[in-house]
Amino acid sequence: FAWLWGKRIGFISYKKYVTEQWPESEFSTHELTLAHGQKVLYQLAERGIRLSNGFWVREVRRLSENGHQTAVIGSLYRIPMAELAADMFARWSQENFFKYMRERFNLDGLVEYGTEPLPDTSSVVNPDWRKLDNQIRSENGQLTRQQAQFGALSLSGDPKPEEVEAFEQRKGQLQEDISNRKEKIQQLKDQKKATPKHIELKDLPEEEQFQRLCFEHKHFVDTIKLIAYRTETAMASIAREEMAREDDARSLLRQLYQTEVDLLPDHQNQTLTVRLHHLTTHAHDELIEHLCHELNETKTLFPGTDLRLIFQLGSSF
């Protein structure tokens with residue numbers, strides 16, 4: 001963070017593991033405008049804090065209804081506290097975006113199975129480094145189990161001499177095994193430290209070199225999906241203007257996209273009417289009429305023609 005600030009780059013980030021709770025008297029109500037335009041009221045408070053390296057930042061906290069405090073820190077000093085919090089909370093929309101795109105637009109789906117070579121200068125994880133890292137993890141797991149066994153060993157209240165002898169032998173053997181394993185782990189760590197984590201693809205052994213999936217077609221298809229998502233988002237914003245439950249906007253649009261339509265070209269009047277069939281409820285029909293009115297105001301021409309698009313419900317005739 002200090003390095004970023006030295007480059008005159010501001011930042012905002014979550015502060016994890018909030019332990020000290022701020023008094024509720026410090027919080028006040030602020031209106032935030034979220035990423036999709038929704039306005040919400042949050043209880044916010046702000047302090048200045050010093051990080052472990054002496055770097056000063058702003059800390060903004062949101063107090064939820066159940067008393068939980070979410071902390072955000074940042075170096076953007078000129079923007080209001082509510083705007084700083086809104087910018088950080090807008091990151092939630094990114095997770096929601098990818099979740100929705102995977103579920104509804106098959107964003108991760110393969111569009112072809114062809115492969116192509118990677119550039120020789122591509123940086124990849126060094127197999128030797130990965131092998132050492134896996135060995136260290138394995139050895140640490142076994143060390144933890146041995147230390148647990150060592151701590152669990154105990155004698156009965158009135159042990160016999162042979163029990164004491166067996167106990168001392170077991171304890172001593174475990175102690176020796178633990179010492180040897182710690183030494184082995186340290187050796188592996190030294191090897192890992194001396195091994196570069198990344199190397200160029202051309203430096204990989206031939207049997208470990210690999211190719212990547214062709215990305216041009218997928219990039220093209222994903223671009224179309226993103227355009228479709230942005231279009232749906234714009235239409236959802238229009239639909240929310242007339243909806244009591246704003247969260248239902250996208251589900252209503254999905255229902256609309258699956259509805260049959262009649263296409264009625266009129267070359268004399270240069271129009272192409274898209275006659276929508278009725279939806280399942282009258283309330284949905286009213287929302288669609290509102291959406292049709294807004295779309296008609298754009299006076300959009302059907303691509304490749306001089307026909308102006310007109311959207312109507314069947315009951316409009």
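## A walk through a predicted chain

Strands here are DSSP runs of E with at least two residues, while helices are runs of H or I with at least four residues, and both are numbered from the N terminus.

Residues are numbered from 1 along each chain as its sequence is written. Because the model is predicted, local features need pLDDT of at least 70 and side-chain atom pairs count only at pLDDT 80 or more, whereas totals for chains, interfaces and linings use all residues, and side-chain values use heavy atoms, with hydrogens and water left out.

Taken as a whole, the protein chain has a secondary structure of 8 helices and 12 strands. Its radius of gyration, taken over C-alpha atoms, is 31 Å, well over the 20 Å that the globule rule (2.2 Å times the number of residues to the power 0.38) gives for 317 residues, so the chain is more spread out than a compact globule. Along its principal axes, the C-alpha trace of the chain spans about 105 × 65 × 50 Å. Of the 317 residues in the protein chain, 30% are buried, where buried means under 20% relative accessible area, exposed means over 50%, and partly exposed lies in between, for a 1.4 Å probe and protein chains only.

Another group of strands can be followed from strand 2 to strand 4. Strand 2 (residues 28-33) runs antiparallel to strand 3 (residues 39-50), and 6 bridges join them; here serine 28 stands opposite leucine 44 in strand 3. Strand 3 is in turn joined by 8 bridges to strand 4 (residues 56-63), again in an antiparallel arrangement, and glutamine 43 has leucine 63 of strand 4 as its bridge partner. The hairpin of strand 3 and strand 4 has 5 residues between the strands, and in this hairpin glycine 54 takes a positive phi near 90°.

Now to the helices. Two packed helices are described by the angle between their axes and the distance between the axes. The axes are lines fitted to C-alpha atoms, for helices over the stretch in contact, and angles run from 0 to 180 degrees between N-to-C directions. Helix 4 (residues 127-152) packs against helix 5 (residues 161-194) at an angle of about 160°, with their axes 9 Å apart. These two helices are therefore roughly antiparallel to each other, since angles under 35 degrees count as roughly parallel, over 145 as roughly antiparallel, 65 to 115 as roughly perpendicular and the rest as oblique. The residues of the contact of helix 4 with helix 5 divide into 9 nonpolar, 8 polar and 10 charged, where Ala, Val, Leu, Ile, Met, Phe, Trp, Tyr, Cys and Pro count as nonpolar, Asp, Glu, Lys and Arg as charged, and the others, Gly among them, as polar.

Within helix 5 one finds asparagine 180, which is partly exposed, with a relative accessible area of 41%. The C-alpha atoms of asparagine 180 and leucine 143 are separated by 9.9 Å, although the two residues are 37 residues apart along the chain.

How values were computed: Pairing = 2+ DSSP bridges.
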